[in-house]
Structures are given as structure tokens and as C-alpha cells.
Protein chains: 2
Amino acid sequence: MIKPSILPGFIELLPEDQLIFEKLKEIIEENYKKAGFTPIDTPVLEKKEVLLAKGGGETEKQVYELSKGKTDMAMRFDLTVPLARYVAQHYSELSFPFRRYHIAKVYRGERNQKGRYREFYQCDIDIVGDEDLHYSNDAEIVSIIYRVFQDLGLKDITIHLNHRKILSGFFDFLGIQKHTDVLRSLDKMDKIGWEEVEKLLEDLDLDQEQIAELKKFVSIQGSNHEILDYLSSLAQESPAYQEAVEEFKEIVDLLRSYGVDEKSIQIDTKISRGLDYYTGLVFETTLNGHEQIGSVCSGGRYDHLAQHYSNKNLPGVGMSIGLSRLFYQLKAENLLKIEFASAAKVLVLPMEGYLQDGIELVEVLRKGGISSFVYSEKPKMKKMFKYADSIKVPYVVILGEEEAKKKEYALRNMESGKQELLSRDGLVEFLK
Amino acid sequence: MIKPSILPGFIELLPEDQLIFEKLKEIIEENYKKAGFTPIDTPVLEKKEVLLAKGGGETEKQVYELSKGKTDMAMRFDLTVPLARYVAQHYSELSFPFRRYHIAKVYRGERNQKGRYREFYQCDIDIVGDEDLHYSNDAEIVSIIYRVFQDLGLKDITIHLNHRKILSGFFDFLGIQKHTDVLRSLDKMDKIGWEEVEKLLEDLDLDQEQIAELKKFVSIQGSNHEILDYLSSLAQESPAYQEAVEEFKEIVDLLRSYGVDEKSIQIDTKISRGLDYYTGLVFETTLNGHEQIGSVCSGGRYDHLAQHYSNKNLPGVGMSIGLSRLFYQLKAENLLKIEFASAAKVLVLPMEGYLQDGIELVEVLRKGGISSFVYSEKPKMKKMFKYADSIKVPYVVILGEEEAKKKEYALRNMESGKQELLSRDGLVEFLK
């Protein structure tokens with residue numbers, strides 16, 4: 001006999017939590033569907049050389065690799081690389097803009113720590129253009145984040161926006177060349193504070209004027225309107241910078257058209273996200289009052305989705321929700337707003353000799369779209385009710401001689417204890 | 001640059017097929033849910049010693065194994081072993097009968113051949129009892145197969161039923177001891193014919209009378225009623241055999257209560273399924289007129305689900321649909337009855353300068369539950385309609401000056417070419 005257990009860093013849920021998790025997943029998927037995104041489903045295992053085409057970085061060390069015969073394989077560590085591979089491979093069979101969603105597990109052999117899993121769900125949407133992709137798509141992606149979190153009952157969020165072209169335009173304007181290094185330094189501000197960042201910038205040979213300008217830039221505070229006006233006032237001699245600010249303004253305008261509440265949006269000149277990947281709008285999402293959780297949904301605009309697989313110029317914009325981690329965090333912070341609903345709405349409890357009648361009743365309920373089943377084991381009242389309690393079914397029907405004869409059933413609300421006397425059709429009607 | 005491709009034996013679908021595949025998956029899941037089954041979601045990767053606790057067999061050779069540090073891992077090759085592990089591990093936190101469904105990918109390094117995949121979906125339901133489990137559950141599982149295939153539009157099916165206790169009772173009655181070997185020989189009848197089977201049985205030292213009785217037994221033909229009567233007439237001196245026949249009769253009766261059409265059921269004394277696993281009712285499903293496909297859904301009753309992980313006696317009954325293979329076969333045989341539906345129901349095509357109005361219209365549609373999006377790229381009429389055609393969207397709305405002013409929109413049916421002039425609310429109403 002072997003002790004049943006799962007791998008460290010992996011997770012599985014008990015039925016009650018699983019049902020809530022599924023509900024979250026469903027809400028996310030419904031929003032992706034409503035926006036007309038198409039699902040794709042790529043293999044978990046891919047050719048190692050394909051999955052690691054980009055090479056290098058922290059991720060590669062965390063990849064689960066395996067071999068069978070002469071084939072080197074790897075488990076996907078995100079859904080973006082498989083998307084890039086998919087779009088490049090099937091380019092001629094896809095329609096662009098290609099709008100896809102993908103909700104699936106990914107694998108990373110991360111250090112084992114609370115709330116970090118080695119197998120976890122990502123819920124991604126991306127819109128990929130062929131050569132061009134209008135910035136209205138950036139606004140749409142942000143609006144979908146907004147809708148998803150509204151529907152998850154997490155209405156008090158802030159979506160932080162920034163624009164990489166504004167950053168790079170401003171760096172250029174200041175005569176700063178080492179963009180990536182400077183971004184990496186600025187990115188650390190929340191963690192190490194400005195004084196330490198300043199030292200890093202000095203190490204990068206920035207002069208005091210450049211550093212002062214940068215400090216002013218990343219410290220901009222105010223309403224979105226005020227920040228945008230301030231951004232406009234900078235670097236007026238740089239057309240690239242000014243163009244980026246204009247685009248940013250228009251994206252913010254389109255967010256209004258997409259029904260995003262202005263209060264949920266905050267322009268934040270500090271954020272930059274994936275340093276060597278994003279090229280335009282970038283965003284992160286925090287739960288107000290729970291900022292220590294970090295970003296619960298991030299993404300942005302990128303210029304070269306499939307550069308490792310194709311010569312085509314395929315710009316895109318997308319976002320990802322790390323659902324496993326989000327679920328863990330919402331639970332830990334007592335923020336799960338989704339109510340638990342039992343897998344079955346009705347449990348039919350037949351007395352001795354009335355199993356067949358119970359089954360027939362269940363068939364009527366199921367045909368009416370009511371999830372239900374019949375208690376099949378020895379009909380001991382106490383045991384049956386204990387079972388009903390343990391699965392938290394909201395309604396039971398006790399079925400004995402009288403009910404079978406009259407075809408009238410007492411539907412018992414398990415929480416209130418109240419009973420309704422109903423016909424078969426009446427049951428379906430009432431429960432719908 | 002690396003050529004984008006996936007591993008041999010793996011599969012991924014283009015959007016159109018993916019949407020149909022998702023629909024199939026949804027129909028299956030809806031039926032599982034309606035019957036009050038609870039979803040579980042176990043890790044794809046498990047400890048090797050746990051997953052291979054049973055050991056031996058063809059499966060083990062096909063398992064994808066990997067190691068990271070000192071940990072030996074394996075990818076699941078079915079959903080039954082993880083269920084056994086889950087139930088044993090969480091025994092004290094589960095309610096029995098435990099009714100779970102699991103729709104997920106499994107991995108087998110099979111020989112690469114048409115329609116056989118190394119990564120494929122299984123859609124499983126099982127009901128697991130604690131110590132006991134009434135045979136009405138067996139009938140319920142069969143009824144769910146029936147409902148699923150009805151809803152998949154595959155109404156012309158035969159579910160072949162047999163009962164392992166009838167087989168073993170009859171073998172005992174005949175004084176045959178090597179049950180498994182005899183079953184293995186009988187199982188080959190369809191492939192190699194009776195004459196060859198007879199030779200195998202002789203090799204197992206069965207005498208001519210035993211062989212003659214077996215031949216009669218596996219050749220029984222007739223209606224279910226006739227076969228059951230005939231089975232009753234055999235081995236009357238064996239209480240174990242007679243009890244099994246009685247149970248079989250009652251299961252067939254309960255199938256009627258569950259609304260299963262008698263015509264879809266065929267008792268078949270030849271079938272036995274997984275030799276060392278099933279212990280009671282067993283079943284396979286064939287599509288009438290397409291029997292060469294083989295069984296599209298099988299399962300049965302087993303006595304010891306978790307014997308490798310627990311001392312508990314956990315009998316169960318379950319079934320599995322191999323969805324990836326089924327999808328391939330239905331497509332190949334032109335049996336896909338599910339109509340393709342585009343990811344978006346409406347595509348809004350804004351004229352130059354009316355993108356914002358388009359977005360606002362899309363927001364109204366989405367709020368009304370209509371999947372839709374706005375064409376975001378340069379509004380060239382020909383290109384827009386080409387895109388609409390390629391994604392096979394059923395409706396488009398062209399939005400220009402007049403529409404924006406009057407807030408009245410021409411909804412164009414892309415197939416018929418017909419147009420309806422509708423208000424915003426009218427659009428939602430019409431499309432619902």
C-alpha cells in the first residue's frame with residue numbers, strides 16, 4: 001500500500017472549494033466569450049527547442065523537461081509562447097485580428113512557497129494583428145479586465161496604466177541610452193525606495209539632471225486628466241514622445257466608451273512590466289485596500305509576438321489572470337464574493353420501496369434543467385439527512401407512499417426548514 | 001528562427017474545429033452537472049510511485065516520466081488512478097456516495113497512429129460508495145451515457161451490457177477455475193472467431209462439455225427480455241449466479257425508470273472489459289452503422305477503487321468518454337451533428353470616425369449577453385466583409401453617420417443578406 005499524496009508545490013481542491021473555483025473560471029470565460037474571443041487549446045507538452053526558442057532567463061531554469069526516445073520535450077510555462085507558436089504555425093489559416101482566449105494550466109518548478117504553485121491556471125486573452133493592430137484593442141483588453149473583476153464581485157479595483165513609448169520617448173528626450181537598465185532600476189522603486197534607485201541610476205552613468213528629471217517623471221501624482229496634461233507639457237520637441245502621449249489619451253478616452261469607470265483607472269508612470277517584451281500600453285491591477293497582494297491581472301501591448309518562429313510582423317495586446325494564485329489570495333483575504341452552490345440543487349430521498357419513483361422524479365427534474373439525483377443507499381432517515389447536510393444541497397424531496405400515489409411532493413428548503421407541496425411540473429417551475 | 005510545430009502524436013485544432021470541440025465538451029459537462037456530479041481537478045503531474053502503485057501492464061510503458069532534483073514524477077495516463085488517490089487521500093473530508101466528474105487531458109506515449117493521440121481528453125464520471133453502493137447507481141451511469149449521446153445528436157446508439165458476476169457465476173457453475181484466462185480468450189471472439197477461441201480454451205484444459213456450454217452462453221441472441229429469461233434458466237443450482245441475474249434484471253428495469261429507450265440497450269454476454277478491474281455491470285457503446293469505430297464510451301462497476309492507497313472498501317461505478325478520439329472519429333465519419341457557431345454573434349463595422357460609436361454599441365450588445373466586437377482596423381469595406389466572412393460571424397452591423405445620429409442600426413444576416421433596421425434595445429431583443 002502506498003500513502004496517497006500529491007507533489008509538493010502542487011494543489012488540488014476539495015469539492016466545495018472546487019465548485020467555487022469553477023464558478024470563478026466560468027465568470028472569466030463568460031466574459032471572454034461575450035467579447036467574441038475564440039478558444040484555443042494547445043498541447044501541454046511541446047518540443048523543447050520550440051518552447052525555449054527565446055532562451056535564457058529565470059523561466060528556463062523552472063521548466064519541466066522530459067525525454068522519450070530521441071525527443072526532448074518540455075511542459076509549457078505560460079500560454080504566450082504556445083500562442084506565438086500557434087499563430088506562426090497556422091498563420092495562413094487564421095483571420096487577423098486574431099482574438100483568442102486560453103484558460104489552462106501551466107508549469108513552473110518554482111521555489112515552494114505559500115500561494116505559489118508549480119501547476120497553476122492562467123486565463124489569457126490576446127488580440128493579434130497582422131502587420132498592424134489599432135490601439136482601440138488595448139482599450140478593449142483593459143475593459144475586459146474591468147468587467148471580469150466587476151463580475152467576480154471585486155468592484156473596488158485599480159487598473160494602473162502606463163505606456164512604454166512614453167517612457168522610451170522621454171528617455172530618448174533626456175539623452176538616456178540604456179533604456180532597459182534604467183527601467184529595471186525604476187521598477188525597483190516600490191521595493192527599495194528612491195534613494196537606492198538613485199544610486200543604481202548613478203551607476204548607469206546618468207547625470208544629476210537626468211536623474212532629477214526621472215524622479216519628477218515617476219513621481220507624478222494627480223487625476224488621470226492632470227497626469228495626461230502634465231505628460232503633454234513635457235518633451236514637446238520630441239514627436240515620438242508627443243505621439244505616444246496622444247495615443248495614451250485616446251486609449252483613456254476609448255476606455256470610457258467601453259464603459260470603464262474612470263475611478264478604476266490610474267495612470268502610473270512607474271510601472272513598466274516585462275522589460276524585453278512590452279512595447280506600448282502596460283497595465284497591472286490591484287485590489288484597493290489589499291495592495292500587498294500585488295497585481296492580480298497584468299498585460300500589455302507587444303510588437304513582435306512570433307519573432308522566434310516567423311518573419312511576419314505580428315503585434316498584439318493581451319492580459320493574463322493567474323487564477324490559482326488569485327483564488328488562494330481571495331480566500332486568504334476573505335475576499336471570495338462568489339457564493340457556494342452545491343453540485344445538485346435537489347436531492348430526492350426515497351423511502352424503502354420507492355427508489356423507482358425517486359428515479360422517475362429525478363428524470364423530470366433533470367429534463368427541466370434542475371440538477372438533482374436520488375439517494376440510492378439504504379433509506380435510513382438520519383443517514384439520508386446527514387448526507388444532504390454534508391453535500392449542502394439546498395432542497396430535498398422525501399418520497400414515500402403518499403407522494404408516489406398523489407404525485408405531490410413536499411420540497412424542503414434545507415436552510416429554512418420550510419416545505420412547499422408541489423406537483424412534478426410545479427417543482428420544476430418553483431426551482432427554475 | 002525555429003520552425004513552429006508540435007510533437008508527433010499530439011494535436012491542436014484550428015478555431016472552427018475548436019469551437020465545435022468545445023460545444024461537445026460542454027454538452028457532456030452539462031449532462032454531468034445536471035445529474036449533480038461535482039467536478040474535481042487533480043494535478044497532471046503526480047508522484048511516480050503513487051501513479052504507478054498498481055504497477056505492471058502495457059500502460060506503464062507508455063507513461064511520461066520526468067525528474068526534477070530527487071523527485072520522480074509521472075504524467076497521469078487516465079483519470080481513474082488520480083480519482084482513487086484523491087478519494088483515499090481525502091476520504092474523511094468527502095461525502096459518500098461521492099459523485100465526481102472530471103474532464104481533462106491524459107498522456108500516453110502510444111505508438112503514433114491515426115486518430116490515436118498521446119495527449120487526449122477523457123470525460124469521466126464515477127460514483128464511489130463507502131463499503132456499499134447500490135446497483136441503481138450502475139443504471140444511472142448507463143442512463144447518463146444515453147442522455148449524453150442523445151444530446152450530441154448521436155441518437156442511434158447501442159449500449160451493450162453484461163454482468164461480470166453472471167460470467168464468473170457461470171464459470172464456477174461449469175467448474176472452470178481460470179476465470180481471467182478464459183475471459184481473455186472469449187474477449188477475442190470478435191477478432192479471431194470462435195474456432196480459434198476454442199483452441200485457446202482447449203489450451204486452458206477446458207473439457208469439451210465446458211467449451212460447448214461456453215459457446216452456447218456467448219452466442220445467446222434475442223431481445224433483452226429473452227436473453228434475461230434464458231440466463232435465468234441456466235445454473236439454477238447456483239445462488240451466486242442467480243443473484244447476479246436478478247440484479248442484472250433490476251438494473252435493466254431501473255434503466256427504464258431513468259428514461260432510457262429499450263431499443264438503445266443490448267445485453268451482450270460476450271463483453272467483459274478491463275479484465276482485472278471490473279466486477280459487476282460492464283458496458284460499451286457503439287454507433288449503429290459505424291460499429292467498426294469500436295466502443296465510444298465504456299465503463300462498469302468495480303469493487304476496490306483505492307486498494308493500492310487505502311484499507312477502506314470503496315466500490316464504485318463509472319464511465320469514460322475519450323473525447324479527442326471521438327471527435328476525430330465523428331469528423332472522419334461525417335457524424336458531427338453539432339452546428340458550428342462563430343465565437344461572436346455580431347461584428348460591428350464602423351465607418352471612418354465612428355469607432356467610438358461602434359464600441360458603445362458593442363457594450364450595449366455585450367450587456368445584453370450578445371457576444372460581439374467591433375472591427376478595429378482601417379475601415380475598408382471590402383476588407384471588413386472579408387474578415388466577417390472568414391470568421392463566419394452570422395450578423396454584422398455597419399455603423400456610419402446616419403446610424404450614429406439616428407441610433408438605428410441595420411443588422412445584416414450574413415447568410416441571407418437580409419437586413420433589419422433596429423434600435424439598440426431592438427438589436428438585443430432580436431438577437432437573444
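**Notes on the model**

Mentor: At 66% relative accessibility, B:Asn334 counts as exposed. Please keep in mind that this is a predicted model.

Trainee: Where is B:Asn334 found in chain B?

Mentor: B:Asn334 is in the loop that runs between helix 13 (323-332) and strand 12 (346-350) of chain B. Its phi is near 60°, a positive value in a residue other than glycine. Most residues other than glycine have a negative phi.

Trainee: And what is phi of B:Lys407 near?

Mentor: Phi of B:Lys407 is near 55°, again a positive value in a residue other than glycine. This lysine lies in the loop between helix 16 (401-406) and strand 15 (408-413) of chain B.

Trainee: Does B:Lys407 count as exposed, partly exposed or buried, and why?

Mentor: B:Lys407 counts as partly exposed because its relative accessibility is 37%, and exposed would require over 50%.

Trainee: Turning to the peptide bonds, which residues of chain A does a cis bond join?

Mentor: A cis peptide bond joins A:Phe96 and A:Pro97, with omega about 0°. A:Pro97 sits in the loop between helix 4 (80-89) and strand 5 (98-107) of chain A. In chain B, a cis peptide bond joins B:Phe96 and B:Pro97, also with omega about 0°. Most peptide bonds are trans.

Trainee: How are the two chains related, then?

Mentor: A rotation of 180° with 0.0 Å of shift along its axis superposes chain B on chain A, with an RMSD of 0.0 Å. That is the relation of a two-fold axis.

Trainee: Which residue of chain B comes closest to the rotation axis?

Mentor: That is B:Leu66, whose C-alpha is at 2.6 Å from the axis.

Trainee: What about chain A as a whole: how many helices and strands does it have?

Mentor: Chain A has 16 helices and 16 strands. Its C-alpha trace spans about 90 × 60 × 45 Å along the principal axes. Of its 432 residues, 58% are buried.

Trainee: Which residues form the positive surface patch?

Mentor: The patch is formed by A:Lys378, A:Lys380, A:Lys382, A:Lys383 and A:Lys386. A:Lys386 is in helix 14 (residues 381-390) of chain A, and its 64% relative accessibility makes it count as exposed.

Key
Residues numbered from 1 in each chain as written. Chains lettered and ligands numbered in written order. Predicted model: local features only at pLDDT ≥ 70, side-chain atom pairs only at ≥ 80, totals over all residues. Heavy atoms only, no water. Patch = residues over 30% accessible without salt bridge, like charges linked within 9 Å, V, L, I, M, F, W, Y side chains within 5 Å. Areas by Shrake-Rupley, 256 points an atom, 1.4 Å probe, with all protein chains shown as cover. Salt bridge = Lys/Arg side-chain N within 4 Å of Asp/Glu carboxyl O. Lys, Arg positive; Asp, Glu negative; His and termini not counted. Charge placed at Lys NZ, Arg CZ, Asp CG, Glu CD. Helix = DSSP H or I, 4+ residues; strand = E, 2+ residues; numbered from the N terminus. Buried < 20%, exposed > 50% of the residue type's maximum accessible area, 1.4 Å probe, protein only. Least-squares fit on C-alpha atoms with pLDDT ≥ 70 in both.
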